[in-house]
Amino acid sequence: MNKKNMLVLALMLTAFTTLSAKTALIIVAHGSPMESWRKPVLALEPLVKEQLATKKLKGIDIVKVALMEYTEPSVASVVKACEAEGADTIFALPVFMAPSSHTEEDLPNILGHKYNPYVREELAEEQTELVHTKAPIILGPTFYYSYLLEESMLNRVQSLSKDAPNEAVIFLAHGDPERDGFWAEVLKNVDKYTKEHTKINYVDHALIEMGHDFANELMPLLTKASQKKKRIIVQGIYLTSDVKRMADRHKMTEVQSDLVKKTGVEIVYSADGILPSCTPLVVAWIVAQTNKWVESKR
């Protein structure tokens with residue numbers, strides 16, 4: 001084969017590769033053994049596909065949801081599935097509240113972006129499979145770098161509010177103690193946004209463990225709010241978990257009974273996290289972040 005024919009063949013191969021190249025979006029969530037947790041997260045996949053098609057946004061050929069821990073579809077298995085469909089570039093978007101050890105250590109080590117032997121040892125103990133691929137994987141931002149949390153919490157509060165001037169709101173979150181700075185900013189912004197967009201002027205918050213100390217940590221906040229307002233809305237800043245289920249688990253009706261009798265305060269626990277109630281907001285965020293990344297490559 002002469003040089004001219006070799007050049008033509010090379011150009012044809014390059015053109016074929018360009019035409020057949022595919023880019024995948026992997027939506028990464030923490031994961032849970034509970035089906036009620038997984039269901040609204042996995043439901044994001046068809047909704048994001050639909051929005052990308054509706055808005056006629058080009059640049060993404062494959063969309064899949066992956067769960068970082070506990071169950072399938074795992075990150076590693078989803079990456080393999082994307083490669084099997086021809087993906088040669090992957091945008092991994094974590095649906096996490098804020099930067100944490102999960103997004104700064106666990107996920108980067110799973111994806112092969114970082115090598116931390118201590119983190120990888122923990123992942124191995126949890127039987128988490130690591131990703132092995134030659135395809136470049138770009139890791140996107142968390143909710144922290146947007147107004148998604150503020151808007152979704154406002155949505156939840158407005159759905160529960162009945163008498164704004166006489167109501168208090170308490171936001172609860174479960175944050176990474178090593179990254180308190182991020183959570184302090186998140187909670188401050190959510191508080192401010194709620195006050196600016198409602199007539200509720202009493203807003204408080206706390207980082208509270210979901211375990212056995214839940215009631216003990218929450219009661220001082222309820223007591224303080226009951227001195228100012230007659231109705232208290234408790235809303236969790238969680239992806240799919242809700243404070244009503246936590247309150248029921250820790251028998252808050254019994255724990256707070258003396259406070260209710262003494263003050264006459266009504267305490268309302270939200271039965272919703274961000275998903276599924278605010279699914280349209282999350283889908284819009286995913287599509288917007290993905291589109292920004294696609295545009296950045298041009």
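## Terms and model

Helices (H or I, at least four residues) and strands (E, at least two) are DSSP runs, numbered from the N terminus. Tyr70 is found in the loop between β2 and α4.

This is a predicted model, in which local features need pLDDT of at least 70, side-chain atom pairs count only at pLDDT 80 or more, and totals for chains, interfaces and linings use all residues. Residues are numbered from 1 along each chain as its sequence is written, and side-chain values use heavy atoms, with hydrogens and water left out.

## Backbone in the loops

The phi angle of Tyr70 is near 80 degrees, a positive value in a residue other than glycine. Tyr70 counts as exposed, at 59% relative accessibility (exposed is over 50% relative accessible area, with a 1.4 Å probe and protein chains only).

Lys56 lies in the loop between α3 (44-54) and β2. Its phi is near 55 degrees, a positive value in a residue other than glycine, and Lys56 counts as exposed at 71% relative accessibility. Pro276 is in the loop between β8 (266-269) and α13; the peptide bond to Pro276 from Leu275 is cis, with omega near 0 degrees.

## Lining of the largest cavity

Residues that line the largest cavity include Leu52, Lys58, Val287 and Asn291. (A cavity is a set of points on a 1 Å grid over the protein atoms alone where a 1.4 Å probe fits but cannot get out; lining residues have an atom within 4 Å of a point.) Helix α13 (residues 279-296) gives the most to this lining, with 4 residues.

Key. 1 Å grid on protein atoms, 1.4 Å probe; cavity = no way out; pocket = protein on both sides within 12 Å on 5 of 7 lines; lining within 4 Å. Buried < 20%, exposed > 50% of the residue type's maximum accessible area, 1.4 Å probe, protein only.
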